[in-house]
Amino acid sequence: MDPYRLPRTVVPNRYDLRLEPDLTTLTFRGVETIAVSIAEPVSEIVFNAVELAVDEAVVTDGRGREQRATVTLDEAAERCRLALAQPLATGEGTLRLVFRGTLNDKLRGFYRSVYKDPSGVSRTMAATQFEATDARRAFPCWDEPAFKAVFSVTLVIDAALTAVSNTRILETKPDGARKILRFADSIKMSTYLVALVVGELEATDAVGVGPTPVKIWCVPGKRRLAAFGQEIAVDSLRFFEEYYGVPYPGDKLDLLAIPDFAAGAMENLGAITFRETALLVDETAASHAELQRVADVVAHENAHMWFGDLVTMSWWNGIWLNEAFATFMEMLAVDAWKPEWQRWTAFGVSRAAAMSVDGLHSTRPIEFPVRAPREADAMFDVLTYEKGASVLRMLEQFLGPTVFRQGVRDYLNAHRFDNADTGDLWAALGRASNQPIPAVMDGWIFAPGYPLVSASVEGAELVLRQQRFNYLPQPLPWYGAAPAAATPAPARWQVPVQLRVSAGGRDTVERVLLTDAEARRPLPASADSVVVNEGGHGFYRVRYDDTLRAKLLARLGSLGAIERFNLVNDAWAVTVAGLMSLPDYLELTARFRDERDKNVWAVLIGSFSTLNRLITPADRPGLEALVRDRATPALAALGWTPRHGEDELARQLRGDLVRALGTLGNDRDVQARAAELYAAHTRGAAVDPNVLPALIAVLAHAGDAGRYDAFLDRFRKAATPQEEQRYLYALTAFPQPPLVEQTLGRTVNGEIRTQDAPFVARTMLMQVHAREIAWAFVKKQWDTMDRLYPKHGLRRMAEGVIGLATPELEADVHRFFQERKIELGGKTLEQYLEQLRVAVALRQREGAALSRALARA
Ligand code: BES
Ligand code: ZN
C-alpha cells in the first residue's frame, strides 16, 4: 500500500463544517459532521489532520449504530486514525469530530494576516491557503484531490466582522457578541479548494455576469484600487463561459486581496484569494507590466474555475492539467480583452524561461510520478506552468483553434464534478481532431527536454535536423540524496514545424511534422529567406546555418516580433551552449539598434545582465559601453516622454530602455536626466507611469544613504501595492555595503513581509554589487529564514545562487549545500546548481574572447 495515499474503505461525501475563529486569541474551534460511505466492515478510519487537537470523535455506521472512537494523531504522517471497538456496518454513515487549532503565521492552512488600517493601527484578519495539502491544517479531512465532496460551511464570528467562503450566505443569525453565518452548499469539489476569510472587509458593488455577481474584496481603505481587477474579472468570466461552453460552476464570484499571501493567487471556487499586488491597482498610476500582472493573475484564476475546480486532476502528477491550462487560457482571455497588448508576443518571455530550465540535464518531464506531498510542492514550477502552456499553444496551433476548443469542451463535459488524467484529455482532443494525439504529444509531456532544429541549405534542398538541446555536454555529478532517476530523453520528438519561405517577393507557409531525425524539402534557388518556427509557437530552438542566418538578419523587417524574439533568444542559447561564439552573438545584437519591441529588448538586455554577472570587474566598463551603444539609439528615437498618438508598445519600451541604460549601461546622462525627472515628480509634475518605476530603479542604482532613507520612507507609506513594491525592490539596488546590509537585515526582522522577503533576498543574490554580502548573510541566516518564511520561500530565495557566477562563489555554493544537506524539493537544487555551472562555464570558455570583444566595443 502506498503510505502517501489514504485507504478508500471509508470515503467522504459531504462535510458539514462549523468553524469559530478568534482573532484575539489567534485560535479556532471546529465541529464537523462528515457523511461517509463505508465500503468494508473496517474498525479503523484514516484521514488527514495536522497541528490540530481532536477532542471528540463519534462514528455512526451503515446500520445507524453509534460508537465513540479512540483518536490517534500521527503528526509526521499528517494523519488521524480513529479506532473502533466494533467493526462498522457498511453503507452510509457519519463522523462527528470536535477539534481545535491555531491561526498560524506561516501563510498556510488557516492563518492570520496582519495589516495597518488607514489610521495606522495594526489589525488582524484570518484567511486560508490549502493547496496543495494544507486543508488538513484547518479541519480533519480526506485531503487528496480525488476525494471530492460537498461542503456546507458555517462560520461563527465576531458580530463586527465580515466573512467570505466559497458560496453565498444563506442566513445570518445574531448570537450575543457574535453572529452565525450559514453558507450555501458547494458543488462537489476537492478539499484544497475550500476558502474561509474573516475580518474587517470591504467590497465593491457587484457586477453581474449572467446570474453570477462578481465582487472585489479588500481591507478597509483600498476599494478605490479595485476597478481594474473587477473589469478583467468580469470580462474573462464572460470569455470563459463562451469558450468552454459550460456555465460558471459557482453561485457567486468573490475576489479577495489578502495582505499576507504566500503565492500570487489561489483559485478557491467562488472565493479566489490574491496577494494585494495581483489584484489591487490604480490604473492611472501603474505601468504596463503592473497592469498586465493583475490582468494575467485574475484571468488565470478565473480559468481554473473550470480547469481545476469543476474538473480536477486525480493526483498531483497531473497538476499540469490545472496549471498549464490556466496559464494558456489566461493568455487567450487577456489577448481577447486587450489585443493591443499583443499578449502572445509577450508570452515569448515565459516560453524562453521554460526553455532555459528544460535545456538542463536536471530538467524533468512535465508529468511524472509523484508520491509524497513534498514532491507535489516542487511541481509548481516553470515546467508545469510555462512549458505546459507553451506545449498547449503549440498543439492548439497544430490542430487549429476551433478543433482544439471542441476537444476542451468535450473533456470538461465528460468529467465535470469529477477527476481526470492526461489520457482523458488526449482522448477528448483525439475525438475532436481525428489525430493520434498521444503519438504527437507524449514526447512533450512525459519526456524531459526539447529539440534543437538545425536548418541548413544543401544543394537545392532545405535540410532540417533535430537533436536534444542541452547547455552542457554532460550532467553534473550529483552528491545530495539522489533525486528521482532521470527519465531518458527520446532522441526525437514529433515537432510541428511551420516554415515560411520568401522568394521573389512572395511568402509561402508550409507545415511539416518533423518525426524523424532529418527532413528535406526542395528550396527554390530564388529564396530570399527561410523562417523556421514561423509565428513562433513551437517549443523548440532553431539553429540556422551561416547563410540562412545572414539572410534573415538582412530582412529583419520582414519578421514578426515573436520571430525576431526567437531569433535572438535562440542565438543566445546556442551561444551559451557553446555552439556559436560570444563575439558573433554580440555582433548579432548590433543589428537590433532599431528594434522597438520590448520583448525582443528583454532578451537582449537579459543576455547583457547575464554577462554582467560573469565578467571580471576589469571588463565591466567595456560591457557598460556596449549596452550604451546598443540601447542609446532606441531611446533617442523614442524620446523620454510619450508622444501624442504613439502606439502601446512604444510606451511600454521606454521605461525598459531607461532602466537598462541607467543601470547596466551606467550612463551618466541617463542617470542625471532620471534624477531631474524624479525631482519634478516629487514636486507634483506628471511622469509617465511606464517611466516612473525605471526612474526609481536608476536613482537607487546611483544612490546614496540619504536617498535610501527617502525610498525606505516611500516604501513604508506607499499609496498602492505597486508603489510599495517599486520602492521595496529599489532598496536592493543601492551599491554601498552598509545599505546592502541594511536591506538584508530587513528580510529577517519583520519589516518586510515574509511573502516578499525571500524574493528580496533572491534579488540581492543576483546583483553584482550585493551578491557576496548577500550570500554570506543567507548562509548565516538560513535556519532563521527557514523558520520565518512560508513554505515555498527558501526554494524561491535559493534561486538567487544562479547569480553567484564566479568560480570561487560557485565552489562555495556547492560546499554549503553539500555540508548542510539541504533539499529544496524535487530537482530544484540540482537545477539551480546546473544553471550556475552553465554561467561559470561560459565565463571559462569565452572570457578571453569576451574581453577582447569588449575592449573593441
Ligand atoms: N494554484 C495556484 C496557486 C498555488 C501555487 C497554490 C502553488 C499552491 C502552490 C494558482 O492558480 C497560481 O497558479 N498562481 C500563480 C499566479 C498565476 C497567474 C501564474 C502564483 O501564485 O504564482
Ligand atoms: Zn494556477
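Tutor: A donor is an N, O or S atom within 2.8 Å of the metal. This is a predicted model.

Student: Why are His 300 and His 304 separated by about one helical turn?

Tutor: Both belong to helix H2 and are four residues apart, which means about one helical turn between them.

Student: Why is His 300 called buried?

Tutor: Its relative accessibility is 7%. Buried means under 20%, so His 300 qualifies. His 304, at 0%, is buried as well.

Student: How do you know that Tyr 385 makes a polar contact with ligand 1?

Tutor: A polar side-chain atom of Tyr 385 is 2.6 Å from an oxygen atom of ligand 1, and the limit for a polar contact is 3.5 Å. The two zinc donors His 300 and Glu 323 also reach ligand 1: His 300 lies 3.0 Å from an oxygen atom, and Glu 323 lies 2.8 Å from a nitrogen atom. The protein covers 87% of the 510 Å² of accessible area that ligand 1 has on its own.

Student: Which element gives the most to the shell around ligand 1?

Tutor: Helix H2 does, with four residues. By class, the shell holds six nonpolar, five polar and four charged residues.

Conventions
Residues are numbered from 1 along each chain as its sequence is written. Chains are lettered from A and ligands numbered from 1 in the order in which they are written. This is a predicted model: local features need pLDDT of at least 70, side-chain atom pairs count only at pLDDT 80 or more; totals for chains, interfaces and linings use all residues. Side-chain values use heavy atoms; hydrogens and water are left out. A polar contact is a pair of N or O atoms within 3.5 Å; within protein, one must be able to donate a hydrogen and the other to accept it, and residues adjacent in sequence count only if both atoms are side-chain atoms. Accessible areas come from the Shrake-Rupley method with a 1.4 Å probe; for residues, only the protein chains shown count as cover. Helices (H or I, at least four residues) and strands (E, at least two) are DSSP runs, numbered from the N terminus. Ala, Val, Leu, Ile, Met, Phe, Trp, Tyr, Cys and Pro count as nonpolar, Asp, Glu, Lys and Arg as charged, and the others, Gly among them, as polar. Donors are N, O and S atoms within 2.8 Å of the metal (3.2 Å for Na, K and Ca); water is not among the atoms, so sites may look incomplete. Buried means under 20% relative accessible area, exposed over 50%, partly exposed in between (1.4 Å probe, protein chains only).
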